[in-house]
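Subject: Handing over a structure, with notes

Dear colleague,

I am passing on the structure below, together with some notes on what was found in it. Please read the notes with the structure open beside them.

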Amino acid sequence: MSTSTSTNQGTLADANANARPFTGLITRDREPENLEFPFSALSSWIMPNEQFFVRSHFPVPKVDLQTWRLEVEGLVDKPVSLTLEELRGMPSRSVTMVLECAGNSRIFLNPKVSGLQWELGAVGNTEWTGVPLSEVLKKAGVKAGAVEVVLEGMDRGEIKKEPVSPGKISYARSISLTKAMSPEVILAYQMNGEDLTPAHGFPVRAIVPGHYGMASVKWLNRIILLDREFRGYFQTTDYTYWNKQDGMPVQLFPVSEIEVKAEISRPGLHEVVPADSVYRMFGAAWTGESDVVKVEVSTDGAKSWQPAQLLGDPVRYAWRLWEYHWSTPSQPGRYTVMARATDAHGNTQPMDRDMHRGTYVITHVQPIDVQVRKVNGASSMDSYAI
Ligand SMILES: Nc1nc2c(c(=O)[nH]1)N[C@H]1C(S)=C(S)[C@@H](COP(=O)(O)O)O[C@H]1N2
Ligand SMILES: [Mo]
């Protein structure tokens, strides 16, 4: 069972010819190391491994492959314990997906909220290879009554900032059994054809396409089947949002599915754009269990919207690159550009922030302020970089 990713995205290797040079990841936190991709350096549909952002709550755990096992337990017919060799010997598949941290774009929240101050680069799109989680669950035999699958990582630590954790805890998240049995959910040991690096979860991580990054548990070594909702720290205290449903009082839900969003790579925040020229705007757009069908761009502060061109083919769970040729104004000054995406379910990004989402799922339309300037000697062709 192998899915092809050889769509015509491959020919977009130089998709962002006017990308800023990649000069390294931005450090958002040192201990543990949290690194952001400078989004204006986006230059290809598939992100190179060394450009992929890192989001870790605890230090990278030490792994001894002699003793490492992946355990499957809980509501199963027989608990399973796999060595890395056994897991890698099982039928595998590859999935290209966008992995976005639920806190990505947090700098756009006003008033400021606590949490890592991500700009646009806590997101990436790569090809992951591994064993479908469903195959591993079938080996163990799922008992009737199981509804959730807990994914636990080897990393441990104490959260000392409010809300504090009850001492040392491990990183764990759950997904529904239905999602766990879907073919796209894999236990990945490779990223773009190379073994996972320690920062990205060596030797094995979960890959949960369509869900925010927190579901894709790194350093995975235990899977537990439950007949009820999992109530772990990262499922109840952190990574939650308030929502009203079916006339019920507001309730707290775990953040889960990705919502539709477009981001602008070029121009970057505060970039100087030549006046009276044609500037190629470029970016990426993605959504959860659907496909992006439209990206629109506004260069006049959301008064009017023009269609951008979607590049390549749609690939479910991956991002879609887009471009728009902007005829820049002759009047120098500060301008705001925006992009908004719509998916096949008819969801469009909202203009305003929904306060119920707290510090996560930041998908309202994000204004990028640029400086339009007369550039000496620049003809419109100079800035027309494709
Ligand atoms: N074990 C473990 N898995 C984890 C995390 C973590 O701290 N520990 N962080 C999660 C979050 S919040 C995100 S956004 C992604 C980031 O994956 P990356 O570091 O490979 O980009 O990993 C997820 N998986
Ligand atoms: Mo995240």
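Helices (H or I, at least four residues) and strands (E, at least two) are taken here as DSSP runs, numbered from the N terminus. This is a predicted model, in which local features need pLDDT of at least 70 and side-chain atom pairs count only at pLDDT 80 or more, whereas totals for chains, interfaces and linings use all residues. Residues are numbered from 1 along each chain as its sequence is written, chains are lettered from A and ligands numbered from 1 in the order in which they are written, and side-chain values use heavy atoms, with hydrogens and water left out.

I begin with the annotations. The UniProt record, an unreviewed entry, lists "domain: Oxidoreductase molybdopterin-binding" for residues 57-233, and over that stretch the chain is 10% helix and 35% strand, with end C-alpha atoms 12 Å apart. The UniProt annotation "domain: Moybdenum cofactor oxidoreductase dimerisation", also from an unreviewed entry, covers residues 256-352, where the chain is 0% helix and 49% strand and the end C-alpha atoms are 21 Å apart. UniProt positions are given in the numbering used here, feature names are shortened, and the annotations may be inferred rather than shown by experiment.

The domain assignment, whose bounds come from an automatic or database source, gives domain 1 (6-254) and domain 2 (261-373), and their C-alpha centres lie 26 Å apart. Counting as contact any heavy atoms within 4.5 Å, 47 residues of domain 1 touch 38 residues of domain 2. The area buried between the two domains is about 3500 Å², with carbon and sulfur atoms giving 60% of it; buried area here is the accessible area (1.4 Å probe) that two parts lose on being put together, summed over both.

Three salt bridges are counted between domain 1 and domain 2, a salt bridge being a side-chain nitrogen of Lys or Arg within 4 Å of a carboxyl oxygen of Asp or Glu. E289 forms a salt bridge with K179, in which the closest N and O atoms are 2.7 Å apart. On the side of domain 1 that touches domain 2, β5 (93-100), β6 (123-132) and β13 (240-243) each supply at least two residues, and β5 gives the most, with four.

By the salt-bridge rule above, the count comes to 19. Among them is the pair E73 and R222, whose side chains meet at 2.6 Å, N to O. This pair links distant parts of the chain, since E73 belongs to strand β3 (residues 70-74) and R222 to strand β12 (residues 220-226), 149 residues apart.

Some details of the backbone may also deserve a look. Most residues other than glycine have a negative phi, and most peptide bonds are trans. The peptide bond from N110 to P111, however, is cis, with omega near 0°, and P111 is found in the loop between β5 and β6. Another cis peptide bond joins E162 and P163, with omega about -10°, and P163 has its place in the loop between β7 (148-157) and β8 (169-176). N192, in the loop between β9 (186-191) and β10 (194-195), has a positive phi, near 50°.

With best wishes
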